[in-house]
Each structure stands twice: as structure tokens, then as C-alpha cells.
Amino acid sequence: MVKDTQPKDLDNKRLRYIFRRVISRINEKPNGFFQFRKMRGVRGLWYYGDSIEIDHRKEIVPTAIHEVLHDLYVNKNENWIRQVESKISQILTPKDVVTLITSVFSKVKLKEDEKE
């Protein structure tokens with residue numbers, strides 16, 4: 001549905017579709033797919049389908065969306081991902097944010113020394 005679409009051409013219906021795909025992709029991933037750690041110079045990193053690291057001190061919601069978009073659209077460039085992430089972030093409702101955070105947190109596995 002968004003194969004060759006430019007971000008500026010994505011309407012709210014298409015953005016909602018992509019957001020639903022983001023949530024579905026997160027829910028398909030194994031526990032421990034998301035990891036939190038302090039990072040320098042970036043908010044998050046996607047490791048080609050193996051895991052996503054997010055700096056827990058920064059913007060978790062847009063970062064999670066951004067990194068999952070990389071997982072969904074592996075052939076899209078960084079600029080496309082950034083623009084779509086921004087557009088999706090602008091249309092999110094509070095319920096969407098709760099859904100996203102709940103899904104992400106359900107896939108986080110803390111190391112024993114990080115629980116406290």
C-alpha cells in the first residue's frame with residue numbers, strides 16, 4: 001500500500017494503516033526484541049530484524065515507530081523513514097500511544113542488574 005509512495009502523499013488513512021502494521025510487527029517479535037540503554041548521538045538503532053535498541057532517556061514513542069519502520073520497510077532510505085515517522089507521530093491519539101507503549105514494553109527484557 002505504501003510501496004512507492006512519497007511521504008508527502010500519505011493521507012491519514014494510509015498513515016493509520018502503517019501505524020497498524022507497526023503495532024502488528026511489534027506484537028510478532030519475541031520477548032527481548034526491544035532493549036533500553038544509554039546511547040550517544042542517536043535515539044535508537046535497528047539491528048536488521050534481530051533487535052531494536054532505544055535510549056530510554058529520549059523520545060521513546062517516535063523512536064520506536066522509527067525503528068520499527070526500518071524493520072517493515074528495509075529498502076526505504078533514512079529520509080523516507082524519518083518523514084513517515086514524523087507524520088505518524090502527528091496523528092497519534094492518546095489511545096494509540098498507550099497501545100504502542102504497551103506493545104513495546106511487552107517485548108522488553110531487562111537484565112537482572114537493570115531491574116532496580
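Buried means under 20% relative accessible area, exposed over 50% and partly exposed in between, with a 1.4 Å probe and protein chains only. The model is predicted, so local features need pLDDT of at least 70 and side-chain atom pairs pLDDT 80 or more, while totals for chains, interfaces and linings use all residues. Residues are numbered from 1 along each chain as its sequence is written, and side-chain values use heavy atoms, leaving out hydrogens and water.

**Exercise 1.** Decide whether P62 is buried or exposed, and find its contacts.

*Solution.*
- P62 lies in helix α2, residues 60-72; helices are DSSP runs of H or I with at least four residues, and strands are runs of E with at least two, numbered from the N terminus.
- The relative accessible area of P62 is 17%, which means that P62 is buried.
- Beyond neighbours within four places in sequence, P62 is in contact (heavy atoms within 4.5 Å) with R43, E85 and S89.

**Exercise 2.** Determine on which side of α1 its buried residues lie.

*Solution.*
- The buried residues of α1 are L15, I18, F19, V22, I23 and I26.
- They cover an arc of only 145 degrees around the axis, so they are on the same side of α1; the arc is taken from directions from the helix axis to the C-beta atoms.
- Exposed K13 and E28 are on the face turned away from that buried side.
- Among the elements covering the buried residues are β1 (34-36), α2, α3 (78-91) and α4 (94-106).

**Exercise 3.** List the contacts of I88.

*Solution.*
- Not counting residues up to four places away in sequence, I88 touches L15, I18, F19, I65 and L69.
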